[in-house]
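Subject: Structure handover

Hello,

Here is the structure for you to look through. Please open it beside this email and follow along.

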Amino acid sequence: MAKKAKKQTGGTPATVALTAAGTPFTVHEYAHDPASPSYGEEAAEALGVSPDRVFKTLVADVDGALTVAVVPVAGQLDLKALAAAVGGKRATMADPAAAERTTGYVRGGISPLGQRKKLPTVLDASASRHETICVSAGRRGLEVELAPAHLAELTGAVLAPIGRA
């Protein structure tokens, strides 16, 4: 895996949180194409990483509470499974403006780490099959690679099968 990234000025809240926690991670930067139809698939292709190791961060509304779902970019979020994972009944995708306001990140760059407000987080169970996974580092064109266990620990995430192909 990676070495600890050097502390850098101008880091994102995600990289600052990782550095502060002493968590080993690697930053991967690539040229983001605004015309790309899928931020996650663009990241996987640009980084040369299998799409099942690149995870997207989605914000959903579960029974009136915003909840973070982290699933492979190669699949989709199963809203029913997400609701069940947090003991809820019904989940819908959150309003994009509410997701941006609450997390402090823009769509396509929402990271599960370093969010403005700590939200309940569910990481798809498939993450545990990989030594490392990539998630947004807090802006389009920037990913962090880290161990799934470290991501779960830092976000307080529950592991559950919330993704589907």
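The model is predicted, so local features need pLDDT of at least 70 and side-chain atom pairs count only at pLDDT 80 or more, while totals for chains, interfaces and linings use all residues. Residues are numbered from 1 along each chain as its sequence is written, and side-chain values use heavy atoms, with hydrogens and water left out.

The sheet

Five strands form an open sheet in the order β5-β2-β3-β6-β9, with mixed pairing. Helices (H or I, at least four residues) and strands (E, at least two) are DSSP runs, numbered from the N terminus. Two strands pair if DSSP finds at least two bridges between them. The edges are β5 (91–93) and β9 (158–160); each has a single partner strand, so one side of each lacks a neighbour in the sheet. On average, neighbouring strands are turned by 35° against each other, direction ignored. For such angles, axes are lines fitted to C-alpha atoms, for helices over the stretch in contact, and angles run from 0 to 180 degrees between N-to-C directions.

Strand β6 (residues 121–124) runs parallel to β9, and three bridges join them. Asp124 has Ala160 in β9 as its bridge partner. Helix α5 (residues 148–155) packs on the sheet and touches β3 (65–72), β6 and β9; its direction makes about 170° with that of β6. Contact here means heavy atoms within 4.5 Å. β3 and β6 also pair in the parallel sense, over three bridges, and Ala69 has Val122 in β6 as its bridge partner.

In a regular strand the side chains alternate between the two faces of the sheet. In β6, Thr121 and Leu123 point one way and Val122 and Asp124 the other, and all are buried. Buried means under 20% relative accessible area, exposed over 50%, and partly exposed in between (1.4 Å probe, protein chains only).

Val70 lies in strand β3. Is Val70 buried or exposed? Val70 is buried, with a relative accessible area of 1%. Leaving aside neighbours within four places in sequence, its contacts include Phe55, Thr121, Val122, Leu123, Asp124 and Leu151. The C-alpha atoms of Val70 and Val54 are 9.8 Å apart, and the two residues are 16 residues apart along the chain.

Helix α2

The buried residues of α2 are Gly40, Glu42, Ala43 and Ala44, and they pack against β8. After α2 comes Gly48, whose phi is positive, near 70°.

Charged residues

How many salt bridges does the structure hold? The structure holds two salt bridges. A salt bridge is a side-chain nitrogen of Lys or Arg within 4 Å of a carboxyl oxygen of Asp or Glu.

One is between Glu29 and Arg139 (2.9 Å, N to O). This pair links distant parts of the chain: Glu29 is in strand β1 (residues 26–29) and Arg139 in strand β7 (residues 133–139), 110 residues apart. Glu29 is exposed, at 55% relative accessible area, and Arg139 is partly exposed, at 35%.

Glu145 forms a salt bridge with Arg53, with the closest N and O atoms 3.0 Å apart. Glu145 is in strand β8 and Arg53 in the loop between α2 (39–47) and β2 (55–62), 92 residues apart. Glu145 is buried, with a relative accessible area of 14%, whereas Arg53 is partly exposed, at 22%.

Glu143 is in strand β8 (residues 142–146) too. Glu143 is buried yet has no salt bridge, and the nearest side chain of opposite charge, Arg53, is 9.8 Å away. For charge, Lys and Arg count as positive and Asp and Glu as negative; His and the chain ends are not counted. Not counting residues up to four places away in sequence, Glu143 touches residues including Thr26, His28, Tyr30, Ala43, Leu47 and Ser136.

The record

UniProt places the feature "domain: YbaK/aminoacyl-tRNA synthetase-associated" (unreviewed entry) at residues 41–153. UniProt positions are given in the numbering used here, feature names are shortened, and annotations may be inferred rather than shown by experiment. Over residues 41–153 the chain is 25% helix and 33% strand, and the end C-alpha atoms are 26 Å apart.

Regards
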